[in-house]
Amino acid sequence: MNSLCPRPPSVWQASPLLGIESSCDDTAAAVLDREGRVLSNIVASQVSVHGKFGGVVPELAARAHVSVIEGVVRLALQEAGIQIKNLGAIAVTEGPGLAGALLIGVNFAKGLSYALEIPLIGVNHLEGHITSAWLADSTFPLPCIVLVVSGGHTHLYQRERDGRCELLGCTRDDAAGEAFDKGAQMLGLEYPGGPAIDRVARHGDRQAISFPRFRSRTNKIEFSFSGLKTSLLYKLRGMDAHLASEQVADLAASYQEAIVSVLVDTAFTALARTGLAALAVVGGVSANSRLRTLLKERAEREDVHLSLPPMAYCTDNAAMIAAVGRRMLMTSGSRSVLDLDIDPMMAVNGRCATGPIPTS
Ligand code: KG4
Ligand code: ZN
């Protein structure tokens, strides 16, 4: 029992819940109502802070979170039409992520929780991404396969009806988002690289350049993108330093095709091996337009039930963090006390505390 929360659990559970996310380069806050509906979902991006460095600078990320977090939370409450005193609980990302960035969200949430005398729930960012599949469609079937594709993770899970997650496989080296970001940097495109490659690739020929596609030699379910990245580097070394925009478009389209076809093939291998017919694809890279097209085509062909979250829930957001927190509060009543600490290396550990979001 959290001694700071004199009100009984029935009161917290019947009140709106605030989610806070600050694990990387987005400062986000969202409010869910007692039924789990998203009342607001505010994200302050730090693209302008990190753009000139071509990637996230951890110290700058932490400072940017400090300067905007209060405004982002105020805006989330305002848009939700909720007064701060009516909040029932706060959920905050405790890991994985950048230590300095996580600390800002966790300490802000602790302060609010203490002042308002409401429970504080520490949430795993990856569980947040996994749960985003059920934010827009609470009826998506379980068990299913979940592919988490973000800047730091490329993980395939089997998720059970009770919310447990078993890790089926992951990347041996780079995450898919990292492959996009580093590839974009090599091509002279802006940060973040995923959306930049996605945009430029629309004007290119996907078959123009042949790139290696990873296939596991051990029959294991796994990914690898480092060979692909090296291949792009060598191809660029053999080309003129100043590429024409058509060449960049062809390189981007072919490189993107190599990444997304490996993601799709491996996810469908996991479906075939487990005999499951439902696939959820979540995380920042799930916003990729070519990946979404290929997934939809293949799912239709193979009669697979597919969940692709709306764009607002693909990249980092606080609605997914609030949804996990709400589930934890409703099911196990588990609440972190004020000594909640960040865990930058946090894993799903074979278990997700989340099940489908209850609708009532
Ligand atoms: O989930 P996310 O917002 O943050 C992490 O938890 O990492 O994912 C960020 C990643 C970045 O690598 C970004 O380049 C990639 O998602 N991304 C995309 C697209 N939008 C974001 N990758 C490919 N195509 C996109 N449209
Ligand atoms: Zn993320």
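Start by selecting S15, which is buried because its relative accessibility is 15% (buried means under 20% relative accessible area, exposed over 50%, partly exposed in between, with a 1.4 Å probe and protein chains only). S15 sits in the loop between α1 (9-13) and β1 (17-21); helices (H or I, at least four residues) and strands (E, at least two) are DSSP runs, numbered from the N terminus. Leaving out residues up to four places away in sequence, S15 touches R34, N86, L87 and G88, where contact means heavy atoms within 4.5 Å.

A word on what you have open: this is a predicted model, in which local features need pLDDT of at least 70, side-chain atom pairs count only at pLDDT 80 or more, and totals for chains, interfaces and linings use all residues. Residues are numbered from 1 along each chain as its sequence is written, chains are lettered from A and ligands numbered from 1 in the order in which they are written, and side-chain values use heavy atoms, with hydrogens and water left out.

Now colour the chain by pLDDT, the predictor's confidence in each residue, from 0 to 100. The protein chain has a mean of 92, and 94% of its residues reach 70 or more. Residues 350-360 fall below 50, and this stretch has 42 contacts in the model beyond near neighbours in sequence. Where pLDDT is low, the predicted coordinates should not be read in detail.

Next, select G19 in strand β1. G19 is buried, with a relative accessible area of 0%. Setting aside neighbours within four places in sequence, its contacts are A28, A29, A30, A91, A318 and A322. Show A323 too: G19 and A323 are 304 residues apart in sequence, yet their C-alpha atoms are 7.9 Å apart in space.

Move on to the zinc ion (ligand 2). Which residues coordinate the zinc ion? They are H125 (NE2), H129 (NE2) and D316 (OD), at 2.0 to 2.1 Å; donors are N, O and S atoms within 2.8 Å of the metal (3.2 Å for Na, K and Ca), and water is not among the atoms, so sites may look incomplete. H125 and H129 are about one helical turn apart because they are four residues apart in helix α5 (residues 125-135). Both are buried, H125 at 7% relative accessibility and H129 with a relative accessible area of 1%.

For a last stop, select C24, D25, V56, G151 and D181, which lie nearest the centre of the largest pocket among its 41 lining residues. Helix α6 gives the most to this lining, with seven residues.

Conventions
On a 1 Å grid over the protein atoms alone, a cavity is a set of points where a 1.4 Å probe fits but cannot get out, and a pocket is an open set with protein on both sides within 12 Å along at least five of seven lines; lining residues have an atom within 4 Å of a point.
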